[in-house]
Amino acid sequence: SMGASGTGKSHLQESVAELIPEEDRMSITDLSESSFYYFKQGELSHKLILIEDLDGAESALYPLRELQSKKTITKTYVEKTRQGQNTVQRTVHGPVCVGGCTTKEKIYEDNSNRSFLIYIDQSQEQDERIMDFQRALSAGDKDEAVQEQTRELLKNAQRILEPVKVINPFAKQLKLPQSVFKPRRTNAHYLHFIEAVTFLHQQQRPKQVNQETGEEFIQTTLEDIENANRLLKDILLKKSDRLTPACRSYFEQLKNHLKHTGKEQFTNQEISLHFKKSLTTIKRNHYALVDDGYLKTVTKKGSRTLYYEVTSFEEYHELQASIDTALDKALANVKKIVKAQSPTKAQNKNGLTKPVKSAS
């Protein structure tokens, strides 16, 4: 979770943690790099590890990345015994899921490459929604018992999930636009996310069996892909943006202000006064926007004042449209294939399988 200080990153993470079974999650406030090697061999396997402040756990992020990617970490050290010294290896197995909060996106690029980034909504509208909820809670208009029942229901629903292989017969038709950040790794994230959506719906998917291996599995449906696309569009958009979330938020506010006033050129001082932000912050944003080509500088004859112009008011909408179009187009192609094939043909083509039994 990315966002400025005080925007609710930790609250969001704590709220998500309350929806995960206690036996499947582990909250850590302070940890060192070596501490991960002293867990029992399978103690971390398939656990959700929640780190409240990534900034205080920077040294421990490397073994966490290894547990995510390679699913195992090994440390070799020398142990003193009565007979002398022995070389000992300690191995800890994953895989793990890691959640963390930070205000410093660029510092954690190696981690963000392996993650879905959630940017906290810092808009005034979101402030109003949060404060309305706080007031309703204080006034007794929210039934906390119902909320607790819902949390327990969600946790119990996860407890009845069983290990089962997921096959996505439509994977070859699902292509991301090249505009996304780190397309190779993001493509894998996208496909894994669809598999996770399918896995969570295992009680609604008929189990099938591979006649060659005898392995049971469930298949991804069009509904799973539609749900994944709906949940991921905003995340993929943010991942494809060259600007940081804070700079993007400022730039969109700036463009709206210029459209509303009809101005084409502006100065640091004018914008600082209008948005009531420090001149240093405004200059920093403008420098970043100029470096990336979103603003251009203009000098007027006889004036030492530096003016700026927006190079494109539509670039963000165009980026959003390219991602939406790519995901929608891929889904449309899948639907055409499904319509053209009978269920039996599609099933036989993707694994020589037969249905076993439908889950309730």
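The disulfide count here is 0, a disulfide being a pair of cysteine sulfur atoms within 2.5 Å. Cys-97 is in no disulfide; its nearest cysteine sulfur, that of Cys-101, is 13 Å away.

Some ground rules. This is a predicted model, in which local features need pLDDT of at least 70 and side-chain atom pairs count only at pLDDT 80 or more, while totals for chains, interfaces and linings use all residues. Residues are numbered from 1 along each chain as its sequence is written, and side-chain values use heavy atoms, with hydrogens and water left out.

Cys-97 is partly exposed, at 44% relative accessible area; buried means under 20%, exposed over 50%, partly exposed in between, with a 1.4 Å probe and protein chains only. Cys-247 is buried, at 5%.

Next, helix 8, residues 245-261, which holds Glu-252. Helices are DSSP runs of H or I, at least four residues, numbered from the N terminus. Is Glu-252 buried or exposed? Glu-252 is buried, at 17% relative accessible area. Leaving aside residues up to four places away in sequence, Glu-252 touches Glu-315 and Tyr-316, where contact means heavy atoms within 4.5 Å.

Last, the second largest pocket. A pocket is an open set of points on a 1 Å grid over the protein atoms alone, where a 1.4 Å probe fits, with protein on both sides within 12 Å along at least five of seven lines; lining residues have an atom within 4 Å of a point. This pocket is lined by 38 residues, and among those nearest its centre are Pro-245 and Cys-247. Helix 8 gives the most to that lining, with 8 residues.

Technical notes
Helix = DSSP H or I, 4+ residues; strand = E, 2+ residues; numbered from the N terminus.
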